[in-house]
Amino acid sequence: MEQNITVTELENELVEALKEKETEAYALLNVSAKDNPEDIVKTIRKYVDKVLSENHSEEDLREYALRLGSLWGEMVVRHYKWAWKYLDFGEDGGGIYIVSPNAYYCCPPLYFLTKILLGNNSGLDGRNDNTVMLLFNMIEGIENNKPNTNYQVIS
């Protein structure tokens, strides 16, 4: 059964909030918007490892996820030409996603980073897995594989 998904542009307030968190992440990581997206994602991955090795409150981890997720998502937008959108899944809710150019795939960067930082991104061994760089790299050429239905969520 195919699910109806409503896709809309982000409201200005959301765009501004994402940009603010992205700017905070640039400062946090000591990187520049002029840097190569792949290098920035490598830096995000290393920083996530650092945060995971420390003791932080859930509130702090969620704040890191907003900053790092905003920046990670923007790097996908810049590198792979994806776009920020709001996806409404009806009764199942909705959220902020990045969407591939042909709208075959989408990813919720803020949720993705939250899962990792809260220790809920289980790898094959059942332990939390920092897949920040892995997912970024897996997006390369993904639209060459058209799914059977629209919007395959990847995270």
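## Packing of H1 against H3

In this predicted model, helix H1 (residues 12-29) packs against helix H3 (residues 58-80) at an angle of about 100°, and the two axes lie 8 Å apart; helices here are DSSP runs of H or I with at least four residues, strands are runs of E with at least two, and both are numbered from the N terminus. The axes are lines fitted to C-alpha atoms, for helices over the stretch in contact, and the angles run from 0 to 180 degrees between N-to-C directions. H1 and H3 are therefore roughly perpendicular to each other, given that angles of 65 to 115 degrees count as roughly perpendicular, those under 35 as roughly parallel, those over 145 as roughly antiparallel and the rest as oblique.

On the H1 side, the residues that meet H3 are Leu18, Lys19, Lys21, Glu22, Glu24, Ala25, Tyr26, Leu28 and Leu29, and their counterparts in H3 are Glu63, Tyr64, Leu66, Arg67, Leu68, Ser70, Leu71, Glu74, Met75 and Arg78, where contact means heavy atoms within 4.5 Å. By class, this contact of H1 with H3 has 10 nonpolar, one polar and eight charged residues (Ala, Val, Leu, Ile, Met, Phe, Trp, Tyr, Cys and Pro count as nonpolar, Asp, Glu, Lys and Arg as charged, and the others, Gly among them, as polar).

Residues are numbered from 1 along each chain as its sequence is written, and side-chain values use heavy atoms, with hydrogens and water left out. Because the model is predicted, local features need pLDDT of at least 70 and side-chain atom pairs count only at pLDDT 80 or more, whereas totals for chains, interfaces and linings use all residues.

## Packing of H1 against H2

H1 also packs against H2, here at an angle of about 75° and with the axes 11 Å apart, and H1 and H2 are therefore roughly perpendicular to each other. Tyr26, Leu28 and Leu29 of H1 make this contact with Ile40, Thr43, Ile44 and Tyr47 of H2, and by class the contact of H1 with H2 has six nonpolar residues, one polar residue and no charged residues.

Leucine 28, placed in helix H1, counts as partly exposed at 27% relative accessibility (buried means under 20% relative accessible area, exposed over 50% and partly exposed in between, with a 1.4 Å probe and protein chains only). When neighbours within four places in sequence are left aside, leucine 28 is in contact with Tyr47, Tyr64, Arg67 and Leu68. Leucine 28 and tyrosine 47 are separated by 19 residues in sequence, and their C-alpha atoms are 9.3 Å apart in space.

## The two sides of H1

The 18 residues of H1 reach 26 Å from the first C-alpha to the last, close to the 26 Å expected at 1.5 Å a residue, the expected span being 1.5 Å times one less than the number of residues. Leu18, Lys21, Glu22, Ala25, Tyr26 and Leu29 are the buried residues of H1. Seen down the axis of H1, these buried residues fall within an arc of 150°, so they line one face of the helix; the arc is that of the directions from the helix axis to the C-beta atoms.

The cover over the buried residues of H1 includes helix H2 (37-52), H3, strand S2 (83-88), strand S3 (94-99) and helix H4 (109-117). On the other side of H1, Asn12, Glu13, Glu16, Thr23 and Ala27 are exposed.

Eight of the nine residues of H4 are buried, so H4 is largely enclosed by the rest of the structure. The buried residues in H4 are Pro109, Leu110, Phe112, Leu113, Thr114, Lys115, Ile116 and Leu117.

Asparagine 121, found in the loop between H4 and helix H5 (132-138), counts as buried at 7% relative accessibility. Apart from its neighbours within four places in sequence, asparagine 121 is in contact with Lys115, Ile116, Arg127, Asn128, Asp129 and Thr131.

## Positive phi values

H1 is followed by asparagine 30, whose phi is positive and near 55°, and H4 is followed by glycine 119, with a positive phi near 80°. H3, whose 23 residues reach 31 Å from first C-alpha to last, close to the 33 Å expected at 1.5 Å a residue, is followed by lysine 81, with a positive phi near 65°.

Lysine 81 is found in the loop between H3 and S2 and counts as exposed at 61% relative accessibility. Alanine 103 has a phi near 60°, a positive value in a residue other than glycine; alanine 103 is placed in the loop between S3 and strand S4 (105-107) and counts as partly exposed at 23% relative accessibility.
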